[in-house]
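Biologist: I would like to learn how to read a few features here. Please start with the cavities.

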Amino acid sequence: MSTADDPRPGPHAPTAASGVPRQVAYGHEPDASACETAASSPVGRLAATVERLRHEVRAAQTTADGRALVELAKGILIERLGCGPVQAAQQLAAIAERARLTPLELAADIVNEASRDQVSQVATEFHRRTAAPPPRPAGPSAAVRLRTAESGVLAADDTQAIAHALLDNALRPLGACAVAIWTAAGDGSFALSGSAGFTPEEAALWHHVPPGVATLARRALSGREPVVLPGGTDPATPSLGGRQWPRGGRMAVPAGTGGRLHGVLEVCWPGPLPPQPPRIVRQIEALAQLCAHTLETRPAPTAGATAAHPGVAELIDLAEGLSDPVLILTPHLDSDGRLADFRIRHVNSRFTDPAGRPADRVRGALLLEAYPLAAEDHGLYGRVERVHATGEPFRARHMRLTALVDQVPLTAVAEVSVSRHGAALVLVWRIQDETVRLASLLQHAQRLGRIGGFEESLSTGEITWNSQLFDLYGRPPTSAPLSLRDLSAHAHPDDTGVIDRLLHTVFQYRRPSSAAFRLQRPDGITRHIRVIAEPVLDEEEGLVTVRGAYQDISSQHWTEVALHATRDQLAHSEAESEERNRLALQLQHAIMPPSQGPLHLTGLSVAVRYRPAATDALVGGDWYDSVVLPSRQILLCVGDIAGHGIGAATNMVVLRNALRGLAVTGAGPGQLLTWLNLVAHHLDEPVTATVVCGLYDPRTRVLRWARAGHLPPVLIRNHEARTFPLGQGLLLGAVPDVSYSEQDMQLQEGDTLLMYSDGLVERKDLALNDSLSHLLSAAGGPDRPLEQRLDDLLAHSRSDTDDDTCLIGIHIT
């Protein structure tokens, strides 16, 4: 080969003399000392042996490819000369010696002369452009290289071996370092059918290129002509081997036969690629044609659809030419070889998903994964499974297709066709025409809304009703429709005026109008109807047609009547409830104002705080009392009636006044609570209540007290707060016969006593003991005026039960 025929660029290209490419990684030479150290180790010697054996195998394959070419030339001589194999071999050796050619070169010339194919045309072009007599090339000629590569392709078992044969026999002498054979699928994706020169890791990363990736192979296939990338990494055009040779040049040539492109042959050089002579491009195009014949007859060794099912590629091409949505399905088997599902290998560009999902969400998924509701009885999956099993096509004009989107089923009606082609199935569906769907939707809307439509031609007198209007009128569909002008004859006599105004507006003023009236049907039923009519005018503003709709509003009418009655009753009930609450609140505030100034008695001061419930509607039954008895003792009590409202407020007044009257007898607090329990139990409506009652003697500073289910008082002494000992005592009104025990507490000057209702401490999320602990902590502390202490306790109260709160403070002086 002449120097002009050698495109090898730069110092990193492999030399033809050595036959072994130099090991270059990312553009720099390995360190010599490091190589010697590695080679001296056992692993290094083993690696060198493996590398030498690998090159020997490649050389043996190349030699075998050359022998195949020589044997082919012998066959041509046997046919031409009519001799045997021995004579043909002798003739080939003699002619080669006289022509000063090697047997391999002479064999290539004989095959080129006999074949007259693209390879022979490239060889002829090469000889024409070479001056005669040409100098002997440093390597094999283009004809020898191409024919030797062809022999290797024919002898290869798969596309991977074909890639090695092309690289070793034809492309490496051109300076190339790697070659890739791409198979193009109908959906725009590429599969790496075979490669040589690339690392296994790099080839594994590029085993499949999805549609839309702008690779060099895609550019060549789209343009149907060779594409050259001179060198350097192009971010817009990612390529296989870009990490191995970042400055390498590339050439991609479409591979096709008979006008059909099957894939692309991509050749990689380790360094920048200068502009190539046309004859070099012709040689690579001839190699691409060899690849095309291979891709046409042999499947690519990938896990893609075309590998597992060779017929899918043709079906994909067919699907892209159809105007209906098409899905290509292949059977998906489980580990035992049984049919588990169908894989959606391809959806064409016309694909329409019933749920509106894009094609990428469906392509590649399992059929039951994309459409789980297809597994229902007599559903789509069962039809597809039967076609796969029997081969009998299936067709349905109206079939429901249901898809789940965010757990919401979306259903469409479609015309469906399923057929089997080899191992694959073609599923075609045509979603029902939008006009039909809208008409069906309108029909259902009219049925649900009880709406009937009409149209009346004034020129011909023709009247058109739909089926819903006949149902509204209670007339059979075979009867004659009624004119709008005759509406008064079928309406309630009291509605004649409303209908006359409607007709006058439509026919005289030629404006749309509506009216509500009572329709009297032939079956005696009266329905409330709303009619809407509009005039249709011609170009000269003449009235030609009247059209409109009737709607049965009987349900709406009676609902409005019931709603008005309910509103009136509710307003009356709300007024009564507000009046009751107002009276109860007035009663409560009259007896117990929210705040009461300090009461200074002999030897003590008394202050009271009352906090009503959070809302006015929750008038409660809490009460407090402090009164000086004829015995000069002071009655102190706090109580809580169960419940809210005016009933609780009135019961509170009864018990409060009863306790005042009983206390005048001079009885102790235990006896007072026993009598008060009988009162509570024998009321017209028995009530339950809790009370703490105390009698304080100012002369001895002794407090006698008893409790009926109530919280014990709190004593504050020397800045510390503690509760009284908890005595026995059942709440009032539970049982008729109960006795209550009394306890005495000796108070001192400066002591403060707190009596309160449970509204001060109760919380929904906290135990009562914890709430009492918080109260004791807040009640203690430095001395301060009694009223301020009570205000602080109310302000820091942690209650959240929306209950009334009573608080009495007694300070001993």
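**Reading the features**

Modeller: About 80 Å³ of space lies in the second largest cavity. This is a predicted model, where local features need pLDDT of at least 70, side-chain atom pairs count only at pLDDT 80 or more, and totals for chains, interfaces and linings use all residues. Residues are numbered from 1 along each chain as its sequence is written, and side-chain values use heavy atoms, without hydrogens and water.

Biologist: What counts as a cavity?

Modeller: On a 1 Å grid over the protein atoms alone, a cavity is a set of points where a 1.4 Å probe fits but cannot get out. Points join across faces, edges and corners, and the volume is the space filled by probe spheres set on them. The structure holds two cavities of 30 Å³ or more.

Biologist: Which residues line the second largest cavity?

Modeller: Lining residues have an atom within 4 Å of a point. Among them are Tyr-371, Glu-376, Arg-400 and Trp-429. Strand 9 (residues 394-405) gives the largest share, three residues. Strands are DSSP runs of E, at least two residues; helices are runs of H or I, at least four; both are numbered from the N terminus.

Biologist: Is helix 7 mostly covered or mostly open, and how many of its residues are buried?

Modeller: Buried means under 20% relative accessible area (1.4 Å probe, protein chains only). Helix 7 (residues 159-171) is mostly covered, with 10 of its 13 residues buried. Asp-168 and Asn-169 are among the buried ones.

Biologist: How many bridges join strand 12 and strand 13?

Modeller: Two strands pair if DSSP finds at least two bridges between them. Strand 12 (residues 451-457) pairs with strand 13 over three bridges, in the antiparallel sense. Glu-455 has Thr-464 of strand 13 as its bridge partner.

Technical notes: On a 1 Å grid over the protein atoms alone, a cavity is a set of points where a 1.4 Å probe fits but cannot get out, and a pocket is an open set with protein on both sides within 12 Å along at least five of seven lines; lining residues have an atom within 4 Å of a point. Buried means under 20% relative accessible area, exposed over 50%, partly exposed in between (1.4 Å probe, protein chains only).
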